[in-house]
Amino acid sequence: METLATIWFVLIIVLWMGYLFLDGFDLGVGMLLPVFSRDERRRRVLLNAIGPVWDGNEVWLITAAGATFAAFPHWYASLFSALYVPLTLCLLALIFRAVAIEYRGKGHTRAWRSTWTWAMALGSLGTAFFVGALLAVTSTGLPLNEHGDLVGGAFAWLGWPAVIGGLGAVGFSLVHALIYLGLKTEGPIRARARRWALRAIVPASVPFLVWFATAALSRTWLLLVVAVAVGALAGAIVAVRAEAEKRAFVLHGVYLVAGLGAVFSGVYPVVLPSTLDPAHSLTIASASSSEYTLGVMLVVTVIFLPIIIGYQIFSYRMFLGRLRETHIPEAHRLPVAIRS
């Protein structure tokens with residue numbers, strides 16, 4: 001049973017990695033929307049850069065939460081009840097973001113567009129921060145008693161690990177978005193994204209690097225994995241300077257995967273540490289579902305996961321071309337007779 005539980009622990013971490021890697025640039029573009037340019041057409045280029053893929057990328061978040069619930073119900077119960085406040089705020093942020101993307105183009109006044117532009121920015125910021133905080137406290141622990149219940153009130157989760165993780169996710173998403181915009185656009189937008197990425201990539205990476213390095217101290221060999229993350233980050237900087245955005249995008253993803261791999265390898269076999277007493281920590285053995293459940297889930301995953309990944313690869317290839325301002329038509333209003 002422990003083998004199946006280990007497989008599912010790895011799969012769930014991979015799902016979280018996939019979410020941050022794919023939806024991270026969506027969230028970053030949302031945060032950049034009000035500040036990257038005041039020109040409406042350029043803002044529409046940013047929206048169109050993520051338009052075909054943003055909702056598909058969010059599937060990784062739903063799948064990660066669902067897999068945790070099915071494979072490790074005790075982990076899910078303790079984590080999601082302890083983080084009820086930040087996860088509720090995260091859900092509201094996701095709703096704001098999704099509604100803003102759909103509603104922003106429905107009106108034509110400056111106030112309307114400004115309202116939904118900032119709704120998208122704040123929704124994206126909140127989502128990135130709270131997801132990062134969730135992953136950080138999952139690795140560093142929560143004050144849990146012997147029943148897996150949170151001790152200390154609704155905000156006992158709010159400490160330096162949550163702040164570091166949240167800021168790290170926000171910084172990663174912003175830089176990932178800038179690299180993606182350099183990969184996806186042409187002309188002045190690509191040039192500005194490259195300049196901003198070079199300025200932001202080092203300071204934006206500091207919170208994650210602190211988290212990665214601190215977590216890796218539990219096992220010395222994990223410092224080598226963190227070194228891989230640092231090397232990938234350095235390679236991404238070099239690639240951005242060389243205007244090789246595709247290589248930079250991949251290397252920035254390797255930096256994320258190696259860092260999170262070091263973090264969660266360091267806590268294994270614990271899935272949620274207790275800061276009150278190590279005996280209260282949840283492990284893959286104590287938090288997992290039955291062997292039958294894990295086995296059936298694995299069979300279903302082996303069958304359907306390649307189909308889902310294949311479809312997502314197909315959708316990305318369909319919208320592979322670069323965008324420029326001339327591709328964006330003038331905004332138009334529907335005739336009154338049609339609107340009514």
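**Close-up views of a predicted model**

**View 1. Aromatic cluster of F172, F208, W211, F212 and Y255.** F172, F208, W211, F212 and Y255 form one aromatic cluster. Rings of Phe, Tyr and Trp (its six-membered ring) pair if their centres lie within 6.5 Å; planes under 30 degrees apart count as stacked, over 60 as edge-to-face and the rest as tilted. By this rule the count comes to 19 aromatic pairs. The model is predicted: local features need pLDDT of at least 70, side-chain atom pairs count only at pLDDT 80 or more, and totals for chains, interfaces and linings use all residues. Residues are numbered from 1 along each chain as its sequence is written, and side-chain values use heavy atoms, with hydrogens and water left out.

**View 2. The rings of F9, W75 and Y268**. A pair of aromatic rings is described by the distance of the centres and the angle of the planes. Helices (H or I, at least four residues) and strands (E, at least two) are DSSP runs, numbered from the N terminus. Buried means under 20% relative accessible area, exposed over 50%, and partly exposed in between (1.4 Å probe, protein chains only). F9 also forms a tilted pair with Y268, at 5.9 Å centre to centre and 40 degrees between the planes. Y268 lies in the loop between α11 (245–267) and β1 (270–272), 259 residues from F9. With a relative accessible area of 26%, Y268 is partly exposed.

**View 3. R192 over the ring of F36**. The charged end of R192 sits over this ring, 5.8 Å from its centre. The criterion is NZ of Lys or CZ of Arg within 6 Å of the ring centre and within 35 degrees of the ring normal.

**View 4. S289 and the backbone of A70**. S289 is placed in the loop between α12 (284–287) and α13, and counts as buried at 12% relative accessibility. A polar atom of the S289 side chain lies 2.5 Å from the backbone oxygen of A70.

**View 5. V296 in helix α13**. This helix spans residues 291–318. V296 is partly exposed, with a relative accessible area of 39%.

Technical notes: Polar contact = N/O pair within 3.5 Å; in protein donor to acceptor, adjacent residues only side chain to side chain.
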